[in-house]
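Subject: Structure for you to look at

Dear colleague,

I am passing on the structure below, together with some notes on what was found in it. Please keep it open beside this email as you read.

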Amino acid sequence: MDHYLDIRVLPDPEFGQVELLNALYAKLHRVLPTLTQGRVGVSFPCHKRTLGECLRLHGALAELLHLTEANWLQGMRDYIHLGEPTQVPQRVSYRVVRRVQAKSAHNKRRRSIAKGWLSEEEALARIPDTQQKAITLPYAEMHSLSTASRMRLYIEHGPLLDKPVAGTFNAYGLSATATIPWF
């Protein structure tokens, strides 16, 4: 992970920044597994309450060049500024950028019933809707191709670390263990 590439969403009078970043990230998600096989990570350097206006890709120069040459940004080029792959600065910190999923009370009940641990009545009594915790992390909202529904992908930027941790990244460019350079 010696290079990075910033893709910035440009202001637009018709579409909001969050909407455009969601569309950009959804397009990246569709090509990331086939083009990089888990070797490119993603971060959002401007994240606060939302993910911000910048999607940063982290990887080797060859991987990032391969992504820029592929035609996955079709339809987005008028709404973004695609930077050049740039070498990561010398002194940086590292952090894990991972997906956080809420376990809904409905899914917990369904699983308990399917596994035979609880009956339907027991599951309703033991696992109330109030048990579900609200997530306050920034998220990307995407359209699931498998279920045809909207889904939220909550993203957590973990604590800063002094040393990198090698590993692979999933189809969203996220990992529970592998780090990306943070600067």
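A pocket, on a 1 Å grid over the protein atoms alone where a 1.4 Å probe fits, is an open set of points with protein on both sides within 12 Å along at least five of seven lines, and its lining residues have an atom within 4 Å of a point. The model is predicted, so local features need pLDDT of at least 70 and side-chain atom pairs count only at pLDDT 80 or more, while totals for chains, interfaces and linings use all residues. Residues are numbered from 1 along each chain as its sequence is written, and side-chain values use heavy atoms, with hydrogens and water left out.

The largest pocket is lined by Arg99, Val100, Gln101, Ala102, Lys103, Ser104, Asn107, Lys108, Arg111, Arg152 and Tyr154. At least two lining residues come from each of strand S6 (93-100), helix H3 (105-114) and strand S8 (150-157), where helices (H or I, at least four residues) and strands (E, at least two) are DSSP runs numbered from the N terminus. H3 gives the largest share of this lining, 3 residues.

The protein chain as a whole has 4 helices and 9 strands, and its C-alpha atoms fill a box of roughly 60 × 40 × 30 Å along the principal axes.

Two of the helices, H1 (residues 17-36) and H2 (residues 61-69), have axes that come within 11 Å and cross at roughly 130 degrees; these axes are lines fitted to C-alpha atoms over the stretch in contact, with angles from 0 to 180 degrees between N-to-C directions. The contact (heavy atoms within 4.5 Å) is made by Leu28, Val31, Leu32, Leu35 and Thr36 of H1 with Glu63, His66 and Leu67 of H2.

Best wishes
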